[in-house]
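Thanks for coming. I will go through one structure, starting from a single residue and moving out to the chain.

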Amino acid sequence: MRRDSARPAMAAAARDTFSIFGTTATLLVTDAGALTTARRIADAALAAVDLACSRFRADSELSALNAADGAMAGISELLAELIGAALRAARLTDGAVDPTCGRALTELGYDRDFALIKGGEAVASGATPTRPVPGWRSVRLDLDPPRVQLAGGAQLDLGATAKAWAADHCAEIIARQLGCGVLVSLGGDIAVAGPGPAGGWQVRVTDDHAAGPDAPGQTVAISSGGLATSSTTVRAWTLDGRRMHHIIDPATGEPARSCWRTVSVAAGNCADANTASTAAIVRGAGAVAWLRELALPARLVRENGLVETTAGWPRSPDAEPPPVPAPVPGA
């Protein structure tokens, strides 16, 4: 890479924008003639992911699994791969990113597509949780044949990893089948594959992937791998007058109380970038040292707008202005 969400900022050979997973997707390809076929490939792949792991579809595999009451259930190879990716994220982050937060999110009012609760007052479906989530070790996943069992009342939510996995998957198969450069952005989770444009794919990193090109933030360029942003400012709602967001601290079962409002990370693929950015929100102040130890380029934005970077994330003159100082006590 040179120089909560990221937005492709450059003019590419061809672009398509559409809605998926309750968010905005952007597809860029270096060959304009390949765009129609690339979109068809993306639509099929994303539809399969949605049917496998949507928490908001009664006909999804994940909904059936969450309703299985702890029984061992046969699943598709696709859902097995998606659950495997979520368990890998949990293992790599020592449980900071945990897929067993499904019940916690439901009890906090995030029980339907976010577009249906955005900007409104959510209604809790049960008592507000004040307990840890069951934990990723309560998930037993077998691969041959693919089947899974959820112990201890666990219910899965794969939102922290499935979207990023889908971005990687779409970019890989489009580049392989069509032989062109491709960028796939799903709600700001970005994956690139194939031969990119000269100078790389330029991306505007901001709090909100849907923000315009003039929004406070920074423009960076990536030529391979993935870039992901986690933010507490975008998927947020109110419940009984309390502000909620979708990044759950597994230790409490409630929205993470973090010093960061937005964390962006670049990695070898989008899934790893998303895992690290989500974990950084949960880890709070300790995230900087953790990201440096992993040598992951990252941009962390505090609630007051102060930006910290790690592992060579470039500083840029187009970054946001210095934050407004906090009032001096007694002044």
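In which strand is Leu300 found? Leu300 is found in strand E17. Helices (H or I, at least four residues) and strands (E, at least two) are DSSP runs here, numbered from the N terminus.

Before going on, the ground rules. This is a predicted model, in which local features need pLDDT of at least 70 and side-chain atom pairs count only at pLDDT 80 or more, while totals for chains, interfaces and linings use all residues. Residues are numbered from 1 along each chain as its sequence is written, and side-chain values use heavy atoms, with hydrogens and water left out.

Back to Leu300. Its relative accessibility is 0%, so Leu300 counts as buried. The cut-offs: buried is under 20% relative accessible area, exposed is over 50%, and partly exposed is in between, with a 1.4 Å probe and protein chains only. Leu300 and Val288 are 12 residues apart along the chain, and their C-alpha atoms are separated by 8.2 Å.

Staying around strand E17, there are two loops to look at. Ala295 is in the loop between helix H7 (287–294) and E17. Ala295 has a positive phi of about 60°, although it is not a glycine. At 52% relative accessibility, Ala295 counts as exposed. The other loop runs between strand E17 (298–302) and strand E18 (307–310), and it holds Gly305. Gly305 is buried because its relative accessible area is 10%. Gly305 and Pro216 are 89 residues apart in sequence, with 9.8 Å from C-alpha to C-alpha.

Now the chain as a whole. The protein chain has 7 helices and 18 strands. It has 331 residues, of which 53% count as buried. Its accessible surface comes to about 14,200 Å², and 52% of that belongs to carbon and sulfur atoms. Those areas come from the Shrake-Rupley method with a 1.4 Å probe; for residues, only the protein chains shown count as cover.

Next, backbone geometry elsewhere. Phe21 has a relative accessible area of 22%, so it is partly exposed. The peptide bond from Asp144 to Pro145 is cis, with omega near 0°. Pro145 is found in the loop between strand E5 (139–143) and strand E6 (146–150).

A few side chains. Thr229 is placed in strand E11 (residues 226–231). It is buried because its relative accessibility is 6%. Its side chain makes a polar contact with the side chain of Ser264, at 2.6 Å. A polar contact is a pair of N or O atoms within 3.5 Å; within protein, one must be able to donate a hydrogen and the other to accept it, and residues adjacent in sequence count only if both atoms are side-chain atoms.

His246 sits in the loop between strand E13 (242–245) and strand E14 (248–249). With a relative accessible area of 27%, His246 is partly exposed.

On cysteines: how many disulfides does the structure hold? It holds 0, where a disulfide is a pair of cysteine sulfur atoms within 2.5 Å. Cys101 is buried, at 9% relative accessibility, and Cys259 is partly exposed, at 24%.

On a 1 Å grid over the protein atoms alone, a cavity is a set of points where a 1.4 Å probe fits but cannot get out, and a pocket is an open set with protein on both sides within 12 Å along at least five of seven lines; lining residues have an atom within 4 Å of a point. The largest cavity has a volume of about 40 Å³. Its lining residues include Val97, Asp98, Pro99 and Asp157.

The second largest pocket has a volume of about 160 Å³. For both volumes, grid points are joined across faces, edges and corners, and the volume is the space filled by probe spheres set on the points. Helix H3 (77–92), helix H5 (162–178) and helix H6 (270–283) each supply at least two residues of this pocket's lining. Which of the helices gives the most to that lining? H3 does, with 4 residues. Among the residues lining the pocket are Arg88, Trp165, Asp168 and Asp272.

That is the tour.
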